[in-house]
Amino acid sequence: MNEDLKVNGSGPPRDYLDAGAAVNVSAAVSSQGPVAEPKPELVVNPWDIVLCTSGTLISCENAIVVLIIFHNPSLRAPMFLLIGSLALADLLAGIGLIINFVFAYLLQSEATKLATTGLIVASFSASVCSLLAITVDRYLSLYYALTYHSERTVTFTYVMLIMLWGTSICLGLLPVLGWNCLRDESTCSVVRPLTKNNAAILSISFLFMFAFMLQLYVQICKIVMRHAHQIALQHHFLATSHYVTTRKGVSTLAIILGTFAACWMPFTLYSLIADYTYPSIYTYATLLPATYNSIINPVIYAFRNQEIQKALCLICCGCVPSSLSQRARSPSDV
């Protein structure tokens, strides 16, 4: 289309114009002023539309969780602080995806590209680190059940929050402070303007955190199975009841860890082996599932929580269902 516009705008060759026509053309141009060349049409990548839509859904969903935790003083336990940190990180990630779409097509500049990339890197890093912190908190709540509800646990939670957000902000500032490939295209990763080394560090860090989370969840499974067995013996439950409770707990942990791996592992491995020369469709196809993790997180960690369900029911209908208020927590609810 652009080539056609250029050809049509340039007119026929001068050799075919006679003297009279040349005079007429020059007179017309002088009377009408300079002729503006038609601008090329703005073509929007469908993948960018999908990412922007995903960011909108992420923002709306996690904004609900943030507001619920922020406006309920009763939700100030370490567990809810970490869930709030996860929701805030995912909320910023969704906003970053929306801003990136707007700036990419309406306000194109190096400064906006670096700023939006830094926001997305920092927010997704904080999201993954918050998931790791939640895993650590769940392990400690089971392993140190008697001393978990103490001031020491609250202090440790605040230390984790400061560390994870400080680390995430530093990772997000790296492209802004100069570690980018805007001046050297050959150093670009699959996500411009991140360098190949920057993407490799992020990917390797994710693999280490995933391995640590896997180890912690294995230990949590062992503790859940032991607790379920002890409760079954104390209440003289049947073996089938113990089996069902244990299976439910293990299945819950498998869903949590499996969802996390399925969302982030494709993009992580692709970032390690690919560079800017690879087709961009592969980057979109692996990055999109990673954004889905921020959509699933509120469902797994927030909306399944009994206290958050009560707060949400109070906001929506002004009451708490009796079935929800009388439900007891089982060893499988981890």
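Predicted model: local features only at pLDDT ≥ 70, side-chain atom pairs only at ≥ 80, totals over all residues.
## Helix 6

Let's start with the helix itself. Helix 6 covers residues 151-176. With 26 residues, helix 6 spans 38 Å between its first and last C-alpha, close to the 38 Å expected at 1.5 Å a residue.

Which residues of helix 6 are buried? They are Thr153, Thr157, Met160, Leu161, Leu164, Trp165, Ser168, Gly172 and Pro175. After helix 6 comes Gly178, with a positive phi near 125°.

Ser168 sits in helix 6. Because its relative accessibility is 0%, and buried means under 20%, Ser168 counts as buried.

What does Ser168 touch, once neighbours within four places in sequence are set aside? Its contacts are Ala122, Ser125, Ala126 and Cys129.

## The disulfide

Searching the whole structure turns up one disulfide. Its partners are Cys181 and Cys188, with an S to S distance of 1.9 Å. As a reminder, a disulfide is a covalent bond between the sulfur atoms of two cysteines.

Is the Cys181 and Cys188 disulfide right-handed or left-handed? The torsion about its S-S bond is about 95°, so the disulfide is right-handed. Cys181 and Cys188 are both buried.

Notes. Residues numbered from 1 in each chain as written. Heavy atoms only, no water. Helix = DSSP H or I, 4+ residues; strand = E, 2+ residues; numbered from the N terminus. Buried < 20%, exposed > 50% of the residue type's maximum accessible area, 1.4 Å probe, protein only. Contact = heavy atoms within 4.5 Å. Disulfide = S-S within 2.5 Å. Expected span 1.5 Å × (residues − 1).
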